[in-house]
Each structure stands twice: as C-alpha cells, then as structure tokens.
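Hi there,

Here is the structure I promised to send over. Have a look at it first, and then read on for what turned up.

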Amino acid sequence: MSDKTGLTKKQKTVMYILRAVSVIFFLALICEVLTFLRADSYSKKGRERPEITYVNDSVPVSKENETGTSYDYVLNLNSQKIHLPTCEACEKMSEDNKFFIKEDELDKYLSEGYEYCSICFFD
C-alpha cells in the first residue's frame, strides 16, 4: 500500500535507514577531519605533544614519571592550563588532552606558557 508519494511503508523505512547511515558517516568524517586538524595544530604552534604512557594499565603518567603512579598536577594540552588533580575541570577534560606531571616539572611548563587554572588555584 502506498501513499501520495508513491512509496510503500517498507520503501520509506529503507529510505530513513539510508538517510540515518549517511548522517552517521558524515559525522564520523567530520570527527576524523577535526582530529587531523587538532594534531596538525601542535606542529604549527611549534610545540610537541608530550608522550603519555600508562603504568599498570590504569593511571597515565608523563614519560619522566614512569617509575611511579603519583602526580601533582594535570596539564590540559589544548588550553595550556595547569590544574590540581581534584579540579572539576579535569573531570570534563578529554583524556587526550590530559598530561600528568610532578611538582619538580612545574617550572618547565610555566616557562613554556602554561597558566594556572582559575578554578582550582583561585577559588
């Protein structure tokens, strides 16, 4: 049985499914492009993305801190902000943007232009 468009209910269902798949594919393509552009922005700004390793498959630590799992600060590689591990902004931060450092590494990142988070350092 068809309506005024001339399509049966089954044909309409197939059409809606194809449309939904097209939208999902398009969104996945946009995500890939954004990921590529974000990775490219690190090289354009002249800074290297720090390598992150995992200890015991759970707590990420910076390469310099491979011997232990403790850390004092969390850097947001995207916003270049320095956070305390208890900061609420860390919960919302993408895992790809998190980089964990110890107290003795703080001056290095401050000299590279990182700034303290206004939430966790000035509340």
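A word on one term before the details: a residue is called buried if its relative accessible area is under 20%, exposed if that value is over 50%, and partly exposed in between. Please also keep in mind that this is a predicted model.

**The aromatic cluster**

By that cut-off, Tyr109 is buried, because its relative accessible area is 4%. Tyr114 is buried too, at 8% relative accessibility. The structure has 2 aromatic pairs. In one of them, the ring centres of Tyr109 and Tyr114 are 5.6 Å apart and the planes stand at 85 degrees, so this pair is edge-to-face. Phe99 belongs here as well: ring pairs join Phe99, Tyr109 and Tyr114 into a cluster.

**The chain as a whole**

The protein chain has 123 residues, and 24% of them count as buried. Its secondary structure consists of 3 helices and 6 strands, which follow one another along the sequence as α-β-β-β-β-α-β-α-β. If you take the contacts between residues at least 6 apart in sequence, 55% of them join residues at least 24 apart. The accessible surface of the chain is about 9000 Å², and carbon and sulfur atoms account for 57% of that.

In what order do the 4 strands of the open sheet lie? The order is 5-3-4-6, with mixed pairing. Strand 5 (98-101) and strand 6 (115-116) are the edge strands; each has a single partner strand, so one side of each has no neighbour in the sheet.

Going across the sheet from strand 5, here is how the pairings look:

- Strand 5 and strand 3 (residues 73-76) are antiparallel and share 4 bridges. Tyr73 has Ile101 in strand 5 as its bridge partner, while Asn76 sits opposite Lys98 in strand 5.
- Strand 3 and strand 4 are also joined in the antiparallel sense, by 3 bridges. Here Leu75 is opposite Ile82 in strand 4.
- Strand 4 (residues 81-83) and strand 6 run parallel, with 2 bridges between them. On this side, Ile82 has Tyr116 in strand 6 as its bridge partner.

The side chains are worth a look in your viewer. From strand 3, Tyr73 and Leu75 point one way, Val74 and Asn76 point the other way, and all are buried. From strand 5, Lys98 and Phe100 point one way and Phe99 and Ile101 the other, and again all are buried.

**The hairpin turn**

Strand 3 and strand 4 make a hairpin with 4 residues between them. Gln80 is in the loop between these two strands, and it has a positive phi of about 60 degrees although it is not a glycine. Most residues other than glycine have a negative phi. Is Gln80 buried or exposed, or something in between? Gln80 is partly exposed, since its relative accessible area is 22%.

**Salt bridges**

How many salt bridges are there? The count comes to 2. One of them joins the side chains of Glu115 and Lys81, at 3.0 Å from N to O. Because Glu115 lies in strand 6 and Lys81 in strand 4, this pair ties together parts that are 34 residues apart in sequence. Both ends are partly exposed: Glu115 has a relative accessibility of 45%, and Lys81 has a relative accessible area of 28%.

In another salt bridge, the side chains of Lys98 and Glu95 meet at 3.1 Å, N to O. Lys98 counts as buried, because its relative accessible area is 11%.

Val33 is partly exposed, as its relative accessibility is 43%.

Happy browsing, and write back with any questions.

Best wishes

Note on methods
Residues are numbered from 1 along each chain as its sequence is written. This is a predicted model: local features need pLDDT of at least 70, side-chain atom pairs count only at pLDDT 80 or more; totals for chains, interfaces and linings use all residues. Side-chain values use heavy atoms; hydrogens and water are left out. Rings of Phe, Tyr and Trp (its six-membered ring) pair if their centres lie within 6.5 Å; planes under 30 degrees apart count as stacked, over 60 as edge-to-face and the rest as tilted. Buried means under 20% relative accessible area, exposed over 50%, partly exposed in between (1.4 Å probe, protein chains only). Contact means heavy atoms within 4.5 Å. Accessible areas come from the Shrake-Rupley method with a 1.4 Å probe; for residues, only the protein chains shown count as cover. Two strands pair if DSSP finds at least two bridges between them. A salt bridge is a side-chain nitrogen of Lys or Arg within 4 Å of a carboxyl oxygen of Asp or Glu.
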